[in-house]
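Here are some notes for a colleague who is meeting this structure for the first time. They are set out as numbered points, to be read beside the model.

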Amino acid sequence: FTMINMPHEHNGEACKASISAVRDTLYVLSGKWKLPIIIALSNGPKRFKDLQRSLEDITPKLPSKQLKELEMNEFVTRTVYATSPVTVEYELTKYSQSLNKIIGEMRDWGLQHKKRIMANNRKKAAEVLS
């Protein structure tokens with residue numbers, strides 16, 4: 001098993017360990033909204049409604065579940081203020097910064113991939129028209 005920046009061990013145990021580590025990462029970060037929630041909170045704490053607004057096309061049930069999982073995995077803290085009505089605020093933990101490199105790489109790859117696909121689609125459309 002080899003990939004760029006991966007250990008150059010070619011044995012089954014190294015491959016199994018890599019698969020296990022990636023599965024663990026996917027388990028913690030899985031869900032369409034976890035990383036967007038983290039990005040939305042990167043400029044500071046937000047109340048639930050403000051967070052929901054910044055994510056747009058999301059129902060209240062989804063971010064609630066994702067926020068609980070992010071809190072359980074120590075990426076987000078939830079603070080309840082005894083106001084009327086009760087105010088709940090979410091904030092990134094210091095530990096969430098460990099995802100900065102991953103999120104940056106995913107953003108860069110996503111932009112590059114979209115550009116590639118769009119260019120290929122334009123090329124195919126031009127071939128069809130000619």
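1. In strand S3, Glu 89 is the bridge partner of Thr 79. Strand S2 and strand S3 (residues 87-92) run antiparallel and are joined by six bridges; strands here are DSSP runs of E of at least two residues, helices are runs of H or I of at least four, and both are numbered from the N terminus. Two strands count as paired if DSSP finds at least two bridges between them.

2. The model is a predicted one, in which local features need pLDDT of at least 70 and side-chain atom pairs count only at pLDDT 80 or more, whereas totals for chains, interfaces and linings use all residues. Residues are numbered from 1 along each chain as its sequence is written, and side-chain values use heavy atoms, with hydrogens and water left out.

3. The three strands form an open sheet with antiparallel pairing, in the order S1-S3-S2. Strand S1 (46-47) and strand S2 (76-81) are the edge strands, each of them pairing on one side only.

4. If neighbours within four places in sequence are set aside, the contacts of Ile 37 (heavy atoms within 4.5 Å) are Leu 51, Leu 55, Pro 63, Gln 66, Leu 67 and Leu 70.

5. How many salt bridges does a search of the whole structure find? There are five, a salt bridge being a side-chain nitrogen of Lys or Arg within 4 Å of a carboxyl oxygen of Asp or Glu. One of them joins the side chains of Glu 69 and Lys 34, at 2.5 Å from N to O, and this pair links distant parts of the chain, since Glu 69 is in helix H4 (residues 61-72) and Lys 34 in helix H2 (residues 34-40), 35 residues apart. Lys 34 is buried at 1% relative accessibility, whereas Glu 69 is partly exposed at 22%; buried means under 20% relative accessible area, exposed over 50% and partly exposed in between, with a 1.4 Å probe and protein chains only.

6. Another salt bridge lies between Asp 50 and Arg 53, whose closest N and O atoms are 2.8 Å apart. Because these two residues are three apart in helix H3 (residues 48-55), about one helical turn separates them. Arg 53 is exposed, with a relative accessible area of 56%.

7. The whole structure holds two aromatic pairs, where rings of Phe, Tyr and Trp (its six-membered ring) pair if their centres lie within 6.5 Å, and planes under 30 degrees apart count as stacked, over 60 as edge-to-face and the rest as tilted. Phe 48 and Tyr 90 form a tilted pair, 6.4 Å centre to centre with 55° between the planes; Phe 48 lies in helix H3 and Tyr 90 in strand S3, so this pair ties together parts 42 residues apart in sequence. Phe 75 and Tyr 95 are stacked, at 5.2 Å centre to centre and 15° between the planes. Here Phe 75 is buried, with a relative accessible area of 4%, while Tyr 95 is partly exposed, with 46%.
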